[in-house]
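User: I would like to learn how to read a structure step by step. Could you take me through one, giving the general idea before each case?

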Amino acid sequence: MADTFDLFEIMRTTRSMRRLKPDPIPNTLLTQVLEAGACAANGGNVQSWRFLLIRDPAIKEAAAVWYRKGWHETVGPRYRSGGPSPGMSAEQFERLLAAAEYLADHIHEAPVWIVPCWAGPRGSGASIFPAVQNMLLAARAVGLGATLTTLYLLHEQEAEAAMGIPSDYHSYAILPVGFPKGKFGPVRRAPLTDVVFDDKWGRAWTGA
Ligand SMILES: Cc1cc2nc3c(=O)[nH]c(=O)nc-3n(C[C@H](O)[C@H](O)[C@H](O)COP(=O)(O)O)c2cc1C
């Protein structure tokens, strides 16, 4: 359980938690997370979402093959050939890559995957990602770690087939969820002065 339910503190500390314990998650906590997802804004309130919970090790393993392939063949090498992300030192970026690689090799060990899906042809995701963010924040609030992952979509058809998603729905992410091995901590982001403009593009907003 988080030591605070202050929303801003939860947002400041909802980091990607990629090293997870295999311990099962009580249904009461899962229900809280899923209810938060189903509270989210969505276009026209049509709620064409479905949230597939995957706990079966064989299904996770079959889909994880495609996630691992995407990381090792494409995404890992791409990140390694670039510089650190904004707001991160080279060492912090290296730790991020190590954690991402760990997840690629262990994603099937997360006790629960939540796979948010939306009906119809693949769209922008604007109606499903608010639910995803609500679930990430709710997971953090109840002491569960999670990561928003999408790189399995490099092998979308194969991974969705492995997860048994019907052809009239598409998945938009896999959220591997579990109790974290490490501690929650602050997210690392560039300062607002780098990313918020005041009336004129490029003029930093200082908040003064
Ligand atoms: C659209 C999107 C896709 C992402 N896909 C992956 C992914 O496939 N694998 C992964 O390990 N992290 C993934 N992430 C997590 C980001 O790498 C992470 O949010 C970012 O590095 C910032 O780190 P933090 O969440 O720990 O603050 C994704 C995040 C977003 C928003």
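The dialogue below goes from the whole chain to its strands, a helix, some loops and the ligand.

User: What should I know about the model before I start?

Analyst: This is a predicted model, in which local features need pLDDT of at least 70 and side-chain atom pairs count only at pLDDT 80 or more, while totals for chains, interfaces and linings use all residues. Residues are numbered from 1 along each chain as its sequence is written.

User: How many helices and strands does the protein chain have, and in what order do the elements run?

Analyst: Helices (H or I, at least four residues) and strands (E, at least two) are DSSP runs, numbered from the N terminus. Here the protein chain has 7 helices and 5 strands, and from the N terminus on its elements run α-α-β-α-α-β-α-β-α-β-β-α. The radius of gyration of the protein chain is 18 Å, close to the 17 Å that the globule rule gives for 208 residues, so the chain is as compact as a globular protein of that length; the radius is taken over C-alpha atoms, and the rule is 2.2 Å times the number of residues to the power 0.38.

User: What share of the residues in the protein chain is buried?

Analyst: A residue is called buried if 20 or more other C-beta atoms, placed from the backbone, lie within 10 Å of its own, exposed if 12 or fewer do, and partly exposed in between. By that count, buried residues make up 28% of the 208 residues in the protein chain.

User: Which strands pair with β2, and in what sense do they run?

Analyst: Two strands pair if DSSP finds at least two bridges between them. In this model β1 (49–54) is joined to β2 by 6 bridges, and the two run antiparallel; W113 in β2 is the bridge partner of I54. β2 also pairs with β5 in the antiparallel sense over 3 bridges, where V112 has V177 as its bridge partner and I114 stands opposite L175. With strand β4 (residues 169–171), β2 pairs in the antiparallel sense over 3 bridges, and there A119 stands opposite Y169. β2 is mostly covered, with 7 of its 8 residues buried.

User: Which residues lie on each side of β5, and are they buried or exposed?

Analyst: In a regular strand the side chains alternate between the two faces of the sheet. In β5, L175 and V177 lie on one side and P176 and G178 on the other, and all of them are buried, so that both faces are covered. β5 also pairs with β3 in the antiparallel sense over 2 bridges, with G178 in β5 as the bridge partner of G145.

User: What is the length of helix α5, and which of its residues are buried?

Analyst: An α-helix has 3.6 residues a turn, so residues three or four places apart point the same way. The expected span of a helix is 1.5 Å times one less than its number of residues. Helix α5 (residues 129–141) has 13 residues and reaches 18 Å from its first C-alpha to its last, close to the 18 Å expected. Its buried residues are A131, V132, M135, L136, A138, A139, R140 and A141, and these pack against elements including α1 (7–12), α2 (27–38) and β2 (112–119), where a contact requires C-beta atoms, placed from the backbone, within 7 Å.

User: Which residues other than glycine have a positive phi?

Analyst: Most residues other than glycine have a negative phi, and most peptide bonds are trans. Q47, in the loop between α2 and β1, has a positive phi of about 50 degrees although it is not a glycine, and Q47 is partly exposed, with 14 other C-beta atoms within 10 Å. D199, in the segment after α7 (192–195), has a positive phi of about 65 degrees, and D199 is exposed, with 6 other C-beta atoms within 10 Å.

User: Where is A110 found, and what does it touch?

Analyst: A110 is found in the loop between α4 (90–106) and β2, and it is buried, with 29 other C-beta atoms within 10 Å. Not counting residues up to four places away in sequence, A110 touches L20, P176, V177 and G178.

User: Which residues are around the ligand?

Analyst: A residue is near a molecule if its C-beta atom, placed from the backbone, lies within 6 Å of it. The residues around the ligand include R15, S16, R18, L96, T147 and V187.

Terms used:
Two residues are in contact if their C-beta atoms, placed from the backbone, lie within 7 Å.
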